[in-house]
Amino acid sequence: MAIKRSEIIKCTCGGAEFSTLVTLIRHPGQGMSTKVSGYVCRMCSEKVDLERESKLAELRRRKAELEEVEMEIEEMETQNS
Ligand SMILES: [Zn+2]
């Protein structure tokens with residue numbers, strides 16, 4: 001299996017810098033805490049759909065793998081004929 005490489009996630013507008021969004025959570029009697037709730041593109045202000053982006057990246061990786069397999073099949077078939 002191929003080594004999984006890290007990759008920079010880009011917005012659909014092409015921007016690659018994001019601002020962090022946080023949710024503020026108040027705990028009665030214990031103050032407040034924050035939780036990262038998402039990222040906003042610095043170029044177009046669109047919120048990044050992380051679930052969609054990671055699924056897309058995974059699908060692209062599988063597509064590339066599939067293309068490799070197809071090439072291998074093609075190679076083997078041309079060898080036999
Ligand atoms: Zn953007």
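Ser-45 sits in the loop between S2 and H1, where helices (H or I, at least four residues) and strands (E, at least two) are DSSP runs, numbered from the N terminus. Its phi is near 65°, a positive value in a residue other than glycine. Most residues other than glycine have a negative phi. Ser-45 counts as exposed because its relative accessibility is 54%; buried means under 20% relative accessible area, exposed over 50% and partly exposed in between (1.4 Å probe, protein chains only).

Keep in mind that this is a predicted model, in which local features need pLDDT of at least 70, side-chain atom pairs count only at pLDDT 80 or more, and totals for chains, interfaces and linings use all residues. Residues are numbered from 1 along each chain as its sequence is written, and side-chain values use heavy atoms, with hydrogens and water left out.

**Confidence**

- The protein chain has a mean pLDDT of 89, with 95% of its residues at 70 or more; pLDDT is the predictor's confidence in each residue, from 0 to 100.
- Confidence in the protein chain is highest in strand S1 (residues 18–27), at 95, and lowest in helix H1 (residues 50–80), at a mean of 90.

**The zinc site**

- Four protein donors hold the zinc ion at 2.3 to 2.4 Å: Cys-11 (SG), Cys-13 (SG), Cys-41 (SG) and Cys-44 (SG).
- Donors here are N, O and S atoms within 2.8 Å of the metal (3.2 Å for Na, K and Ca), and water is not among the atoms, so sites may look incomplete.
- The angles among the 4 donor atoms run from 105 to 114°, and the site is tetrahedral.
- Four donors count as tetrahedral if all angles lie between 85 and 135 degrees.
- Along the sequence, the donor residues follow the spacing C-x1-C-x27-C-x2-C.
- Cys-11 is buried because its relative accessible area is 12%.
- Cys-13 is partly exposed, since its relative accessibility is 37%, and Cys-44 is partly exposed too, at 31%.
- The disulfide count is 0, a disulfide being a pair of cysteine sulfur atoms within 2.5 Å.

**The hairpin**

- S1 and strand S2 (residues 31–41) run antiparallel and are joined by 10 bridges; two strands pair if DSSP finds at least two bridges between them.
- The two strands make a hairpin with 3 residues between them, and Gly-29 in the turn has a positive phi of about 80°.
- Ser-37 is in strand S2 and is partly exposed because its relative accessible area is 35%.
- As a general point, in a regular strand the side chains alternate between the two faces of the sheet.

**Loop, helix and distances**

- Lys-47 also belongs to the loop between S2 and H1, and counts as exposed because its relative accessibility is 52%.
- Lys-47 and Arg-26 are 21 residues apart in sequence and 24 Å apart in space, C-alpha to C-alpha.
- Gln-79 is in helix H1 and counts as exposed, given its relative accessibility of 61%.
- Ser-37 and Gln-79 are 54 Å apart in space, C-alpha to C-alpha, and 42 residues apart in sequence.

**Domains**

- The protein chain splits into domain 1 (16–48) and domain 2 (49–81), with bounds that come from an automatic or database domain assignment.
- The centres of domain 1 and domain 2, taken over C-alpha atoms, are 36 Å apart.

How values were computed: Tetrahedral: all angles 85-135°; square planar, octahedral: opposite > 155°, others 65-115°.
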